[in-house]
Amino acid sequence: MKKFLKNAKPAFAISLAILLAGCKTTQAPVAEQRNTKVEMVEYFADNALGTPLAIVQHPAGIHKDGITYVSYQGPFSDPYVAAYNHKTKQWQGPFQAGESDLGRMGKKKPDNHGKPTMLIDDLGYIHIFFGGHGGSKEHGENLLGNYNSGRNKHVVSKRPGDISEWEELKNISVFGTYNQAIKMDNGDIYLIYRHGAHRSNWVYQKSTDHGRTFAEPVSFLKHKPHETKNHHDSWYVWAVKGENDEIILSYDYHVCPNDTRARGHIPVRHDLYYMVFDTKNDTWRNVQSEPLDIPVTRQIADAKTLVARTGGDDMWTFNGTVRLDQQGYPHLTINVGKDVGKRWGGSKQARYYRWTGDNWTGGNLIYNKVPKSLGSEGDFVLKSPTDVQYTLAYQEKNKDAVVADFYSKDAGKTFEKGQELLRIPDVTWSISSLIKDAHADARILVAERPKGTQWRRIYLLGDNGPIKRAKSEALVLKEADKVQFK
Ligand code: ZN
């Protein structure tokens, strides 16, 4: 791991040097010193690559004891980790936490499927899961699905709470992709992911020793050929801790095509589902507490776990998130948009659903002023069963990228726009799920995606907008990193 350190920018040392240099010019008035000493910028790093963040790989960041730890995809699709101390207002990192196969396969565009997922165990060690996109046959036989590329990896910080040095633990399946890491109240860790490429089961691996070892994968959602139609049943899951010993899961259905002649392998996805994993009793149930046998098939999912049909064949979906309200009722979002013939269908926008105690309701847009040709996406917290704060990234007609808080007083039926956290002209964006246990000043990660480059600036946003950083510290992209992409 020594070479990781060599690549990592010792930002903390540099910031100290700046402070010391500032001390030498104490003759100048304080205000003038401030003006000349340090130029501040809104981003904390400029070496994020491709689509460096997503809702699905989560959490991307965690707040613990006054420090917000964040991760994102950087050069060579490697995981990068930075930390912000809310008390001293100092940034540390980013440090390269591991080495991804995905960025070293000669691909013409970044492979964004192995973005980092973070967990902090009960001993304070920081874990990062990354680098997987289904694995390949050279890694062995995938008994739970098919292959694509990459290798799912797990690294852990060498010391608790210290992001500067990492070591690899070879204790998870290389076939995993879309990692989601959940720690229960008793310290048990559940790593949830898809065990291979599209035609693979979704599984969990459980650790009872702070992530040092994991039990074998257990399948909970089944891939299989559709019994009548010419496609394969496939899934995308978003999971998070629920009440007590439970994990709650939302998911949508991927119509994985057999016939790819017309448009190639298109990401047709529909509908929204919900179920619950009781980790104490190792049982699964739907929202009405009917038991479910795993792995859940499409037939069982349709009969027992359906939240909503999200539109006709031409309305495609993309995962949102799920949270419980104070009554224990799930609220969910899913991003829905019309297929307009693009490779990915078309832009999708966030819609809100919830369980009333008797039935599923909702489906309204969070923000109906976003043009249909542009997208919106985000995550939310419930202040009460009816009070929702939804942090939404979207683009305006003039192509400004905006991240803003939206508020609902009627349990997600209608939303009103609150404060803007960030506005950048003429870029698209990628956004994380909410930071786990977030500090109010650091709730979500956003990367701006300017045209004509694969390199992104990345921002940590909260109640006061972006957490700023000295420009000299935030410029971390090195010439050597650019060999792969311009
Ligand atoms: Zn597919």
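This is a predicted model: local features need pLDDT of at least 70, side-chain atom pairs count only at pLDDT 80 or more; totals for chains, interfaces and linings use all residues.
**Figure 1. Overall view of the protein chain, with 5 helices and 34 strands.** The C-alpha trace spans about 80 × 50 × 50 Å along its principal axes. Of the 486 residues, 49% are buried. Consider the contacts with a separation of 6 or more: 56% of these join residues 24 or more positions apart.

**Figure 2. Close-up of the largest nonpolar core, which has 112 residues.** Three residues touch the most other members: Leu191, Val237 and Val446. In soluble globular proteins, nonpolar side chains tend to be buried together.

**Figure 3. Close-up of Val237 and its contacts.** Val237 belongs to the largest nonpolar core. Neighbours within four places in sequence are left aside here. Val237 is then in contact with Ile192, Trp202, Leu221, Leu249 and Tyr251.

Figure 4. Is Thr283 buried or partly exposed? Thr283 counts as partly exposed, because 14 C-beta neighbours lie inside 10 Å. A buried residue would need 20 or more.

**Figure 5. Close-up of the surroundings of Thr283.** Leaving aside neighbours within four places in sequence, Thr283 is in contact with Asp278 and Pro291. Ile294 is 11 residues from Thr283 along the chain. The C-alpha atoms of Thr283 and Ile294 are separated by 8.8 Å.

Conventions: Residues are numbered from 1 along each chain as its sequence is written. A residue is buried if 20 or more other C-beta atoms lie within 10 Å of its own, exposed if 12 or fewer, and partly exposed in between; C-beta atoms are placed from the backbone. Two residues are in contact if their C-beta atoms, placed from the backbone, lie within 7 Å. A nonpolar core is a set of buried Ala, Val, Leu, Ile, Met, Phe, Trp, Tyr and Cys residues joined through C-beta atoms within 7 Å. Helices (H or I, at least four residues) and strands (E, at least two) are DSSP runs, numbered from the N terminus.
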